Amino acid sequence: PDGGGLALYQLNGDATDESGNYNGTATGVTYGAGVFGQAGILQPNIKTDIATNFNLTSGQPFSLSFWIDWQSISGNKYLYIFGFNEQDNNSHYCYISQDGTIKFNNVVGNTYGTTYTTPVLLTSNTWANIVITQTGGSEAGSFKIYKDGNFIASASFGVGTPTTTNGFTLGSSSSSTYSNTVSAKVDQVRIFNKALSAGEVTTLYEDETACTKVTRTAGATQI
């Protein structure tokens, strides 16, 4: 697809991927006002997630962009995960902490990378756009974080990109308890098959904020 866009979840009342290739199955998700039309509402203490069949392959570069309106609650809460959960030997996952920081990590062959904690990026009841990019090849596992089109930090997990076989999940992990789900509205979730450059991230943010409602498909996104 043009621009490397693989999937786009607008979350306008359902978990459809606008490309038609990675449609999600929503469990416990409700929908309310978002940045662009509606947004998916994730809730703690119940199973709330959108599960898809999108997987990562070893060394694969990728980028993930999402808009989030977060509610501060105690502890570390799941936002998304590639793979079953962080105990699945191979996964990439993201938590949000009660202080508004975000934690990312990779697990490859049961080897945990170095968890990266961002500066405070989120303010409760305020929308923000977050982008994570991971490079591939010999630099797999190196990543960059952006907020609202601006570069925040770069680092390395110390392990490569995992091979996942249980898809992408927004919300609950696949564990037996679901109290660790983040409390948030999430909108305009995009997955790319490349590490977006700083310029591409800025262009994406400016393009999206210029729209009152995004109607492009993932395959038609020009970066």
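Predicted model: local features only at pLDDT ≥ 70, side-chain atom pairs only at ≥ 80, totals over all residues.
Residues are numbered from 1 along each chain as its sequence is written, and side-chain values use heavy atoms, with hydrogens and water left out.

Ser63 belongs to strand E6, residues 62-70. Helices (H or I, at least four residues) and strands (E, at least two) are DSSP runs, numbered from the N terminus. With 0% relative accessibility, Ser63 is buried; buried means under 20% relative accessible area, exposed means over 50%, and partly exposed is in between, using a 1.4 Å probe and protein chains only. The side chain of Ser63 reaches two backbone atoms: the oxygen of Lys194 at 2.6 Å and the nitrogen of Leu196 at 2.9 Å. Polar contacts here are pairs of N or O atoms within 3.5 Å; within protein, one must be able to donate a hydrogen and the other to accept it, and residues adjacent in sequence count only if both atoms are side-chain atoms.

## Strand E8, covered on both faces

How many residues of strand E8 (residues 91-97) are buried? Seven of the seven are, so E8 is largely enclosed by the rest of the structure. In a regular strand, side chains alternate between the two faces of the sheet. On one side of E8 the buried residues are Ser91, Tyr93, Tyr95 and Ser97, and on the other they are His92, Cys94 and Ile96.

E8 has strand partners too, where pairing requires that DSSP finds at least two bridges between two strands. Strand E7 (residues 76-82) pairs with E8 in the antiparallel sense over six bridges, and Tyr80 stands opposite Cys94. E8 also pairs with strand E9 (residues 102-108), again antiparallel and over six bridges; there, Cys94 stands opposite Phe104. E8 and E9 form a hairpin with four residues between them, and Gly100 in the turn has a positive phi of about 90 degrees.

## Strands E12, E13 and E14

Further along, strand E12 (residues 127-134) and strand E13 (residues 142-147) run antiparallel and are joined by five bridges. Val131 stands opposite Tyr146 of E13. On to the next pair: E13 and strand E14 (residues 150-156) are antiparallel, with six bridges, and Phe151 in E14 is the bridge partner of Tyr146. The hairpin of E13 and E14 has two residues between the strands, and Asp148 takes a positive phi near 50 degrees.

## Two loop residues

Thr164 sits in the loop between E14 and strand E15 (168-171), and at 4% relative accessibility it is buried. Its side chain makes a polar contact with the side chain of Asn55 at 3.3 Å and reaches the backbone nitrogen of Leu56 at 2.8 Å. Not counting residues up to four places away in sequence, Thr164 touches Asn55, Leu56, Phe82, Gly83, Asn90 and Ser91.

Is Asn21 buried or exposed? Asn21 is exposed, with a relative accessible area of 51%. This asparagine is found in the loop between strand E1 (5-9) and strand E2 (25-27). The C-alpha atoms of Asn21 and Leu8, 13 residues apart along the chain, are separated by 9.9 Å.

Technical notes
Contact = heavy atoms within 4.5 Å.
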